[in-house]
Amino acid sequence: MTKLYALLAAGSIGFMGYQDWRGASMFGTRPQGEGLFASKSSGLMRGPDGRLIRTRPYNHK
Amino acid sequence: MFAICGYCQAMVLRKGADLENLGKISEIMEDGSPIRLGMGGKFKGRDFQVAGRIQLRWSDGIWNEWYLLYADGTPGWLGEGSGMFFATFQREVPPGIIPAFDSLAAGQEVTVSGKPFSVSWKETSRCVSGEGELPFAVAEGWESPSIDLIGPDGAFVTFDYSDDPPSLYVGEEVKVESLALDASTAAPQKARKVAAESLSCLSCGAPYNPHGKDAASWGCPTCGAVHEVLAGRLQKIYANLEPPDIRPGLELGMVGRFEELDWTVVGIQRRKSTWQDSDAAGGWATGSDWDEYLLWNEQNGYRWLVESDGHWNWIRTVPANLAKGQTAVLPGAPRRSEFKHFSSYHAVTTWVVGEFYWRVKTGDRNSVVDHVSPPWVLTRETDDRESIWSAGLYMDRAQILSAFERGSGLVGKGKVKLPPPPNTIAANQPNPFAAQGKAMRSLLWKFVVAAILVHILTTLFLPSGVVAKGDFLVGTDTSAASSRFAVGPFAFEHDRGNVEVILEAAGLDNDWVAVDAVLTDRATGRTWTTGKEISRYSGYDSDGSWTEGSREATLRFDGLERGEYLLELETGRDPSKTAPQPLSVKVRRNASTLSWLLLTLLVVCAVPVFAIWRSMGFESRRWAQSDGASGDDE
């Protein structure tokens with residue numbers, strides 16, 4: 001169990017080091033059409049005239 | 001000089017050149033002692049010879065005081081009782097130093113030479129026999145009131161009240177095998193006859209096969225009659241006991257192999273815990289039963305095997321004296337252990353069968369205090385005469401089964417029946433998760449430090465910095481000039497990495513700006529699409545001032561490769577706003593991110609936290625059964 005953990009922890013640190021070294025961000029936007037987490041659209045809403053619109057009013061009561 | 005003839009038992013006192021005949025004394029009772037008159041030996045490098053012995057009887061049996069003469073002429077004593085040996089030397093003390101006999105009780109704390117001692121035994125013994133040479137005259141019936149005390153690390157003291165003023169003897173417990181006894185110089189032993197009728201139950205005639213020669217009582221396994229035993233002979237019946245409904249797991253005569261020796265079950269007593277409870281009948285509540293097996297080995301005397309709730313302990317008496325917070329080194333223990341008080345209660349014997357080295361009685365309520373340092377338990381049991389310390393080593397069911405299968409030659413035959421495995425946690429049960437928890441705890445910090453170091457080093461050497469920026473005025477119409485902007489093109493000069501786009505809408509208040517962003521690799525046509533709304537609102541209400549949102553937002557594009565990129569922004573605004581809104585855009589390459597570090601720390605910590613939690617949970621369940629008292633007294 002302890003050896004398995006040591007292996008897992010060392011592997012995780014190695015993977016983290018690799019991701020850090022290649023400048024990868026876990027939550028960054030991916031290129032369109034590339035992979036499960038690829039970006040599809042900005043996610044912002046547009047009005048009938050094509051303008052970006054705000055659909056969420058401020059939350060303060 | 002006083003001497004007893006080994007053949008006619010005549011007692012002779014020599015005063016100068018005169019000899020005085022003091023009559024005769026009874027023959028020595030056969031007690032199975034490994035020591036014999038005339039034997040040579042060694043204690044702490046000093047040669048001695050066994051010169052004489054006084055055999056004394058106390059309420060629970062027989063014990064010996066062997067008189068030793070060391071090579072340098074120093075006299076000494078070797079007390080022998082219940083399979084234990086204590087080497088002592090007389091020390092001169094001023095009169096009045098030793099407390100009065102009646103002022104001390106079993107278990108009482110006494111300071112001797114600045115060290116804490118406790119009274120382990122208080123008794124007035126009577127001489128029943130003697131042999132060899134002694135420094136003073138004794139006779140049959142001669143009384144010897146004495147008090148034994150045990151101190152730290154096996155220190156042993158006796159107050160002898162047969163002298164006036166009382167004498168002080170100081171010494172320690174010794175192992176008989178450490179005395180290097182030499183039988184070649186020992187006096188020949190007389191052959192003794194034992195009457196056949198004294199080896200049968202005085203009630204039903206069932207045979208009595210004595211084991212330990214210092215047996216003091218025997219419970220007949222056939223009829224339940226409990227006999228007084230003296231010198232291996234049944235004397236009289238003093239109790240009759242009904243057998244219990246549930247029989248003990250082990251039986252008399254079974255042989256177990258422990259410490260590479262064969263140990264025979266010679267006695268079994270069933271006991272139960274009891275404690276004062278005003279709500280219980282008679283003011284005493286009772287707990288569960290447990291069985292104590294007395295085991296005997298010819299060379300090593302007695303040990304105990306205690307089974308409670310399916311948990312087993314291998315127990316021997318020890319000359320311990322554990323004060324609060326004290327540590328002790330137990331026989332067989334690899335190191336000094338700190339013992340913690342676990343519980344105080346009373347124990348009552350409810351049934352006995354077989355042979356015991358004291359006059360075993362049912363119904364007596366003894367005070368018991370348990371201290372634990374798994375896998376050890378150190379127990380002090382006190383009655384009105386003595387206070388005995390014993391050390392128990394936890395054993396699991398498989399060890400006991402194996403020991404009795406090997407000892408009885410029944411390996412794999414399924415004939416040794418033991419109670420089912422426990423479903424509770426014993427006071428001194430080793431924590432099966434402790435070693436893993438400890439190892440994990442040690443590894444955890446190393447891996448946490450390693451993860452942080454790796455993260456710092458990799459991000460430190462990753463080239464970063466602003467690669468493009470632009471300042472714009474966002475209008476309210478949809479014209480390209482006021483709502484669409486481009487940053488770059490800029491070069492990304494690394495094989496792989498990310499860029500972070502920092503948007504700042506200076507002066508934004510009670511307003512919003514929506515930003516739709518597209519990053520394009522101009523060579524390959526790969527695009528990244530994302531967006532964010534920058535909004536900040538503020539005001540006052542009955543609770544005071546408030547703000548919501550931020551004038552800054554960050555976009556992150558991941559998976560970039562070496563190439564030339566263009567960032568295009570499309571903005572949107574509240575049409576009711578008329579003044580242009582400044583928007584500052586900065587593109588920074590290879591921005592550091594904590595996300596992988598955090599994920600790694602989660603993975604690195606999860607397993608040890610689980611292991612530590614499991615280990616702590618075991619301890620928590622163990623200590624939930626403790627009575628919580630912090631002292632070592634009942």
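A: The model is a predicted one. H1(A) itself counts 20 residues. From its first C-alpha to its last it reaches 28 Å, close to the 28 Å expected at 1.5 Å a residue.

Now the buried side. Tyr5(A), Ala9(A), Ile13(A), Met16(A), Gly17(A), Gln19(A) and Asp20(A) are buried in H1(A). Their arc around the axis is only 165°, so they lie on the same side of H1(A). The other side of H1(A) holds exposed residues: Lys3(A), Leu4(A), Leu7(A), Gly11(A) and Gly14(A).

What do the buried residues of H1(A) pack against? Their partners are in chain B: helix H2 (434-460) and H4.

Take H4(B), residues 595-623. Its axis and that of H1(A), residues 2-21, come within 9 Å. The two axes cross at roughly 180°. H1(A) is therefore roughly antiparallel to H4(B).

Next, the residues that meet. H1(A) brings Tyr5(A), Leu8(A), Ala9(A), Ser12(A), Ile13(A), Met16(A), Gln19(A) and Asp20(A). H4(B) brings Trp596(B), Leu597(B), Thr600(B), Val603(B), Val604(B) and Val607(B). By class, this contact of H1(A) with H4(B) has 10 nonpolar, 3 polar and 1 charged residues.

Conventions. Residues are numbered from 1 along each chain as its sequence is written. Chains are lettered from A and ligands numbered from 1 in the order in which they are written. This is a predicted model: local features need pLDDT of at least 70, side-chain atom pairs count only at pLDDT 80 or more; totals for chains, interfaces and linings use all residues. Axes are lines fitted to C-alpha atoms, for helices over the stretch in contact, and angles run from 0 to 180 degrees between N-to-C directions. Helices (H or I, at least four residues) and strands (E, at least two) are DSSP runs, numbered from the N terminus. Angles under 35 degrees count as roughly parallel, over 145 as roughly antiparallel, 65 to 115 as roughly perpendicular and the rest as oblique. Two residues are in contact if their C-beta atoms, placed from the backbone, lie within 7 Å. Ala, Val, Leu, Ile, Met, Phe, Trp, Tyr, Cys and Pro count as nonpolar, Asp, Glu, Lys and Arg as charged, and the others, Gly among them, as polar. The expected span of a helix is 1.5 Å times one less than its number of residues. A residue is buried if 20 or more other C-beta atoms lie within 10 Å of its own, exposed if 12 or fewer, and partly exposed in between; C-beta atoms are placed from the backbone. The arc is that of the directions from the helix axis to the C-beta atoms.
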